[in-house]
Amino acid sequence: MTGRRAWRADLRDTFAATITTALGLGVAVGVVDGWSGFGRWTVLGIVGAAVAVGVGDLVLQPLLRPFARAGGVLGALVVGLAAQVVVAFVALWVAGVPRNGGWETLVVLVVAGAVMASGRWLVGSHDRDYVVGDMVRRARRHASRTGPTAGPGGAQHGLLVVVLDGIARPVLDQAIDAGLAPHVQRWLDDGSHQLVSWWAQAPSSTPATQAGLLHGAAGHIPGFRWWDRDQGRLVVTNHPRDAAAVEQAVSDGAGLLAGGGTAVSLMFSGDAERSFMVMSQGGRTGPRSGFGPGAPYLRFFASPFLFARVVTLSVGEVVKEVYQAWRQRVNDVRPRIARGGWHPVLRAVTSVMARDLNTSLVADAMVRGDPVIMVDYVDYDVVAHFSGPTRPEALRCVEGLDGVLATLSTVAQVARRRYSIVVCSDHGQALGPTFEQVEGRGLLDVVRELMAAPGARGFASVTDEDWGPVNALLAGFRRPSRRLGRWQVPAEPPDDRLPEVVVGASGNLAGVWFPQHPRRMTLDELEEAWPGLVAGLAARPGVGAVVVDSARGLLAVGAGGVVALERGGHVDGDDPLAALGPRAAPDLARLGRLPHAGDLVVVSAVSARGGVHAFEDQVGSHGGLGGDQNEAFVVHPTGWNIDDDLCGDVGTQRWLVGSDALGAQLRRWAADLGLQDTGPTRDSQ
């Protein structure tokens, strides 16, 4: 962009920002108690206050950066909020507006932020453009003066990988057809990008997928949570300590983000130089801590009205969730689950604050010129778990995420590198009533009954997956905790006695462990200890197949048949895997041999319409097989090849199979852009 064009663009953006700010301030001052004299205001006074806000922000933020660097994210939060109040208070005073105190100034900030967000929505602009507006203007001016970061062949390339958590390929197709993803549709219509499917192997969950994408090591993770016999406890991957231990096992120092990359809101770091809200880094300090350095947060917390806007929209999101849950009950929508408790707050955190903060941090990394950036947006996944993957509120999340892609595309136009954008999902979701709704009790109680030991000492995990973003947020403010969410009993036994049975759920996939046995039990040993346990479990109406080791290798046992998973998939009787998808046999054979796999691996039944039964309290779930949960998607630049050696057969088609394959493909694309060495990425496969 030439200097003249950059100047005109800056002038246009500044004018729009000033008018929007003036409108917000004018309405806020007029409606907030404690502010008098609004009738004496003139248009000039309102505009003067808006200009003063902009100037104050411009002057004050550089002065606050040392405090943010020294105090980390907590320091950025404190000084940022204080700066907002000071800037607004001084601006109103300079403009001659009577003032009664700091409290009224805070209320003015909130009301003005709400008015500004509503105004942007009414005129059809992307509201998140405001989140990154100052960075875009700064980058535009820098590019006009110096040009993009130079390389041997001109501007250097960059790669941005955006993960839209939980969105299945069919859901994205539906959103495009419904007009809810216009930016993605423009990419496809203009021919700049292509949309393809990839197969998310079981366990089709975020930790396994991100281990594959970032480190090429999905085989270390048998589920979202599992019993570790060596440690004698349950491992839960969205707890910082456990995520850190997993990353230590899977990282070789040459992950996708090695060599100066940035990780934002991920489970693992990918060996990034900078990590922001990364679960595995939650217990660390310094630049690779879970929150990362404080300075990039300052723009988010200190920008006038930005944090106030987040608070206002978060309250609106809570109200919207309560109303939508009530509508489901009134209309008797089925299947459904209770959506009370902390879920409305959790939805607000992920759909507003985390989304905006992620966008701000990614934009900052692009403006800075980091070579490879990866971010995960989890809000669709959180909403779909409680409402259903194709329910209106979930599809509206897709619409909001499409707006984020539009905003990041705008940043890419002024960034120091020529960023190519790849968008993918880590898995999909499948709809269905929970196992407990079908069975009338949880899987732990069913197993206890079949053991003829209803009082057996044991425990089962229940839903806490959605608390991952909050765990990551809190990791920056306090010592990391392994436990936030809802549990039937603690993740570790309260004394030295090992439980007799443990159930760890990952959507419609569950592992069952018998920890008092020193190694994984075989079918013969299980039958000797609890005759009829395996067959009885396989016969339950909510169960599709039970995987167990035996003298014949791994078996998948169903109500009317058995599949020899390691002997060519030979079927005796009715095939219990027929409804589980085109790759059920190889997926379960792989899963059954992973370290720490359950003594029993249970997959729910799947209806003719693809409905599954989560072993946790989720109406939309993933982790196993069945429905749309295994068909994820990749949107990549046109002309970038999908390498056939990384693909496998999915029915009659060839797709990337497994997150290790997708991660290898990403590394090859990065190597083609000159961002990674070709050798390690290809030779490691």
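A word on the model. It is predicted, so local features need pLDDT of at least 70 and side-chain atom pairs count only at pLDDT 80 or more, while totals for chains, interfaces and linings use all residues. Residues are numbered from 1 along each chain as its sequence is written, and side-chain values use heavy atoms, with hydrogens and water left out.

First, the sheet. Strands of a sheet pair through backbone hydrogen bonds, either parallel or antiparallel. Here 8 strands form an open sheet with mixed pairing. The order is β12-β13-β14-β19-β15-β16-β17-β18. Helices (H or I, at least four residues) and strands (E, at least two) are DSSP runs, numbered from the N terminus. Two strands pair if DSSP finds at least two bridges between them. Which strands sit at the edges? They are β12 (458–460) and β18 (570–573), and each pairs on one side only. From one strand to the next, the twist averages 20°.

Now helix α15, residues 443–450. This helix packs on the sheet and touches β12, β13 (501–506) and β14 (509–513). Contact means heavy atoms within 4.5 Å. The direction of α15 makes about 145° with that of β13. Axes are lines fitted to C-alpha atoms, for helices over the stretch in contact, and angles run from 0 to 180 degrees between N-to-C directions.

β15 (residues 543–548) and β19 (residues 600–604) run antiparallel, joined by 4 bridges. In this pair, alanine 545 stands opposite valine 603.

A cavity is a set of points on a 1 Å grid over the protein atoms alone, where a 1.4 Å probe fits but cannot get out; lining residues have an atom within 4 Å of a point. How many cavities of 30 Å³ or more does the whole structure hold? The search finds 6. β5 (225–228), β13 and β14 each supply at least two.

Last, glutamine 516. This residue is in the loop between β14 and α17 (523–529). Why is glutamine 516 called partly exposed? Because its relative accessibility is 48%; buried means under 20% relative accessible area, exposed over 50%, partly exposed in between (1.4 Å probe, protein chains only). Glutamine 516 and proline 499 are 17 residues apart in sequence, yet 6.8 Å apart in space, C-alpha to C-alpha. Leaving aside neighbours within four places in sequence, glutamine 516 is in contact with Leu498, Pro499 and Glu500.

Key: 1 Å grid on protein atoms, 1.4 Å probe; cavity = no way out; pocket = protein on both sides within 12 Å on 5 of 7 lines; lining within 4 Å. Points joined across faces, edges and corners; volume = space filled by probe spheres on them.
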